Amino acid sequence: IQPAADVRRELAIDAHAPLVVCAARLQKEKDIATLVAAMKTVAAEFPAARCLIAGEGDDKQTLQQLIANLGLSENVRLLGFRSDVLDLMNAGDLFVLPSLAEPFGLVLLEAMALGKPVIATRAGGPCEIVAEGATGLLVPPRDPAALAAAIGRLLRDPALRAAFGSAGRQRFFDRFTAQRMAAETLAVYHAALNGATA
């Protein structure tokens, strides 16, 4: 993982600027438009705030237009495909996934493993991954005001970000490592086999 300071320097982002990171396909179901709309409110309180969105997809032009229309060209950047998503996450203050539907949300686990607080929507998988109020915040889908409030809350409170990040990292290692999931799957098979032979 590249040092956060190097990543910020490469992207011309001030070392102290509040930085929100999102990595997702630019498709309708990922609802990046809600994150862009939320950043309008966030930028009003934190003019130096920056939001980096890594990913490609059909909605790219629509999103670029929305960013321009909302006057957020300084604050929100679509980075396109990036092979260094973990470096980007590590350089950020928090990670956001605004999906309308998310079967699992592996990217949330990657952010948690890096010790980053996460904000996601109550939309399937994230409800299993994020411990609300302990490792991050969950907001309703398609609700820019709620998302902006959650982002603002974390940007205002470095101690809360640190606490969520630390708890999220612990939750990742306790519950979601490959070894842990393999062991739990094996236990289910053993229980099923024992039940069948009883």
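## Close-up views of a predicted model

**View 1. Helix H5 and what covers its buried side chains.** In H5, the buried residues are Val107, Leu108, Leu109, Ala111, Met112 and Ala113. This is a predicted model, so keep that in mind for every view here. H5 spans residues 106-113 and is mostly covered, with six of its eight residues buried. What do those buried residues pack against? Their partners are the strands E1, E4 and E5, plus helix H4 (85-91), helix H6 (125-129) and helix H8 (158-176). Just past the end of H5 sits Gly115, with a positive phi of about 80 degrees.

**View 2. The open sheet, strand by strand.** Six strands make up an open sheet with parallel pairing, and they run in the order E3-E2-E1-E4-E5-E6. Which strands stand at the edges? They are E3 (76-80) and E6 (136-139); each has a single partner strand, so one side of each has no neighbour in the sheet. On average, neighbouring strands here are turned by 20 degrees against each other, direction ignored. As a reminder, strands of a sheet pair through backbone hydrogen bonds, either parallel or antiparallel.

**View 3. The E1-E4 pair, with helix H7 on the sheet.** Strand E1 (residues 19-23) pairs with strand E4 (residues 94-97) in the parallel sense, over two bridges. If you're looking for a landmark, take Val21: its bridge partner in E4 is Phe95. H7 packs on the sheet and touches E1, E4, strand E5 (118-121) and E6. The direction of H7 makes about 165 degrees with that of E6.

View 4. Four bridges join E5 and E6, which pair in the parallel sense. Val118 stands opposite Gly136 in E6. Which way do the residues of E6 point? Gly136 and Leu138 go one way, Leu137 and Val139 go the other, and all are buried.

View 5. E3 pairs with strand E2 (residues 50-54) in the parallel sense, over four bridges. To find your way between the two strands, look for Cys51, which stands opposite Val76 in E3.

**View 6. Where helix H2 meets helix H7.** H2 (residues 32-45) and H7 (residues 144-156) pack at an angle of about 45 degrees, and their axes are 8 Å apart. That angle makes H2 oblique to H7. The crossing of H2 past H7 is right-handed. On the H2 side, the residues in the contact are Thr34, Leu35, Ala37, Ala38, Thr41, Val42 and Glu45. On the H7 side, they meet Pro144, Leu147, Ala148, Ile151, Leu155 and Arg156. Sorted by class, the H2-H7 contact has nine nonpolar, two polar and two charged residues.

View 7. Are they buried or exposed? Leu35 counts as buried, at 0% relative accessibility, and Met39 is buried too, with a relative accessible area of 0%. Leaving aside neighbours within four places in sequence, Leu35 is in contact with Cys22, Cys51, Ile53, Val96, Pro98, Leu147 and Ile151. Leu35 and Leu97 are 62 residues apart in sequence, and their C-alpha atoms are 8.4 Å apart in space. Met39 and Glu110 are 71 residues apart in sequence and 23 Å apart in space, C-alpha to C-alpha.

**View 8. The H7-H8 packing.** H7 and H8 pack at an angle of about 100 degrees, with 5 Å between their axes. That makes H7 roughly perpendicular to H8. Which residues make the contact? From H7 come Arg153, Leu154, Leu155 and Arg156, and from H8 come Pro158, Leu160, Arg161 and Phe164. By class, the H7-H8 contact has five nonpolar, no polar and three charged residues.

Key. Residues are numbered from 1 along each chain as its sequence is written. This is a predicted model: local features need pLDDT of at least 70, side-chain atom pairs count only at pLDDT 80 or more; totals for chains, interfaces and linings use all residues. Side-chain values use heavy atoms; hydrogens and water are left out. Axes are lines fitted to C-alpha atoms, for helices over the stretch in contact, and angles run from 0 to 180 degrees between N-to-C directions. Angles under 35 degrees count as roughly parallel, over 145 as roughly antiparallel, 65 to 115 as roughly perpendicular and the rest as oblique. A crossing is left-handed if the near helix is turned anticlockwise from the far one by less than a right angle, and right-handed if clockwise. Contact means heavy atoms within 4.5 Å. Ala, Val, Leu, Ile, Met, Phe, Trp, Tyr, Cys and Pro count as nonpolar, Asp, Glu, Lys and Arg as charged, and the others, Gly among them, as polar. Two strands pair if DSSP finds at least two bridges between them. Buried means under 20% relative accessible area, exposed over 50%, partly exposed in between (1.4 Å probe, protein chains only).
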